[in-house]
Amino acid sequence: MLKLTVKWQKNTYEVEADTSQPPVLFKAQLESLTGVPSERQKIMVKGGMLRDDGDWARTGLKDGAKVMMMGTAEKPIEAPKEEVKFVEDLPEGEQAAQATAQFGAGIRNLGNTCYVNATLQCLYRVPELRAALNKLPEGRGLPETMDRGGVDTPTRLAQASRAFFQLLDEARGVAVNPILFLMTLKETFAQFNEMGPGGVPMQQDAEECWSRLLSTFQQRLDSGVAPSIETIQGIFGVGLESTLTCAESGEEWRDATTQLGLKCNIDTSVNHLAEGLRLALNESREKNSDALGRMANWEGQSKITALPPWLTIQQVRFFYKADVQQKAKILRKVGFPIVLDTFDMCAPALLEELAPARAAWKRVEDARVARKNLGDAKRQKTEAAPMDVDSGDKAGDGAGGDRAGAEERDIEEVLRESGGRPTGRYELTAVLTHKGRSADSGHYVAWCRQDKAPKGQEWALYDDEELTPKSEEDILALCGGGDWHMAYILLYRAQVVPREL
């Protein structure tokens, strides 16, 4: 780290520059302090101006050095001086900016950081995760994970994640700078600090970033705490029970585990997500046989014993190719549903637990359809005879009204008893996709569901700074089969019995 004094206009800033990172990250720090966009900054050093991809060693800067920065900050937001215009009256470019503001904020790319941006956009969709991070205590953390400076970097990463999610909460229609989060991520995990040719940060695997973040959060939020909606295991944990049999000896062995999601394996027989999930739940491993007194092959299957509020599914699309020494990609087309039913993957005890809620969910959905059909019929009747709106039976009149009233009371009882209970069904909420042939190259983006959005804009694409409305059809097209963006991580939210019609 290099301690520098930066002079800008009448202001002076004490800034620590990480010389192991390209200067573009240092400029991003200055942007957060001054409001001057990095592309407008002119920082004078030995030999000219500091370039985004320049070599720190050639600048001649030493600890305590003073540098001059020139550049104009973004104009502050002022009260409107002119008459307010409607969106449709604005120029086309301004209309687009106004339209994307409803989707929240984009995230700036600081040099091959799309894998981080896509991961953060997806995880931000989980309110329980944000709530759990908000309850994380302040402080330096656990002594056994302190670095040489006496700072617990995993705790700092969890705190930096919390702070960044809060930035996304506050931002609308602008791109958020992730510099502080990114620096903490790289301090915590050296693999994300690797540099490529020319000193440019290397692209990384988004799934590894996702897994590292959740494991860090789990360390800090779940230590000594029973699984709950405020723990990572309580939010994402999938309970599994494996039953394996040794064909040679007939021995049976059971093992119970919890993992933060499921995998979808892909081979030539897999055309749909459910097939890949079942393939991944089949297991074959070599372990010791007490009866044989040696290692033997065991085969069997895993069943789900506990389902979380949020289900993460990784499509296992990458494998290591030794000849080229990099992760290659499986491009096979694998369809996935908007609503996923896990019922046939569950263990018997969980099936019994889910059955009442599923029956209740069906009754409520049938009641919703019946209520909608009745409303449609009444509207059609009113439109056909607008002057005769009082004719015919009224709700509550005669035997028909009695039956309707009894049905309403039955549904109210169902809602009281079963409202909020899980059904084993999940609704797709976010998709992290990859475009390219290798996990460590190409481009990652996030596609996230928008609540209460108009038809055709139920989803939005988060491509670093750019936000674009998308439809459900666009999401279903992310199934693969070519070089276009294809689903890599799917984030599903549990469908529960509603609490009201």
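Helices H5 (residues 153–170) and H6 (residues 179–188) have axes that come within 9 Å and cross at roughly 160°. Axes here are lines fitted to C-alpha atoms over the stretch in contact, with angles from 0 to 180 degrees between N-to-C directions. H5 and H6 are therefore roughly antiparallel (an angle over 145 degrees). This is a predicted model: local features need pLDDT of at least 70, side-chain atom pairs count only at pLDDT 80 or more, and totals for chains, interfaces and linings use all residues. Residues are numbered from 1 along each chain as its sequence is written, and side-chain values use heavy atoms, without hydrogens and water.

Which residues meet between H5 and H6? From H5 come Thr153, Pro154, Arg156, Leu157, Ala160, Ser161 and Phe164. From H6 come Phe181, Thr184, Leu185, Glu187 and Thr188. Contact means heavy atoms within 4.5 Å.

Now the whole protein chain. It has 12 helices and 21 strands, which are DSSP runs (H or I, at least four residues, for helices; E, at least two, for strands). Of its 501 residues, 43% count as buried, that is, under 20% relative accessible area with a 1.4 Å probe, protein chains only.

Next, the interior. A nonpolar core is a set of buried Ala, Val, Leu, Ile, Met, Phe, Trp, Tyr and Cys residues joined through side-chain atoms within 4.5 Å. The largest one has 59 residues. Phe181 and Leu185 are among the members that touch the most others, and so is Leu432. Apart from this core lies another, of 33 residues, including Val270 and Leu311.

Beyond its neighbours within four places in sequence, Leu432 is in contact with residues including Ala118, Trp210, Tyr444 and Ile489.

Note on methods
Buried < 20%, exposed > 50% of the residue type's maximum accessible area, 1.4 Å probe, protein only. Parallel < 35°, antiparallel > 145°, perpendicular 65-115°, else oblique.
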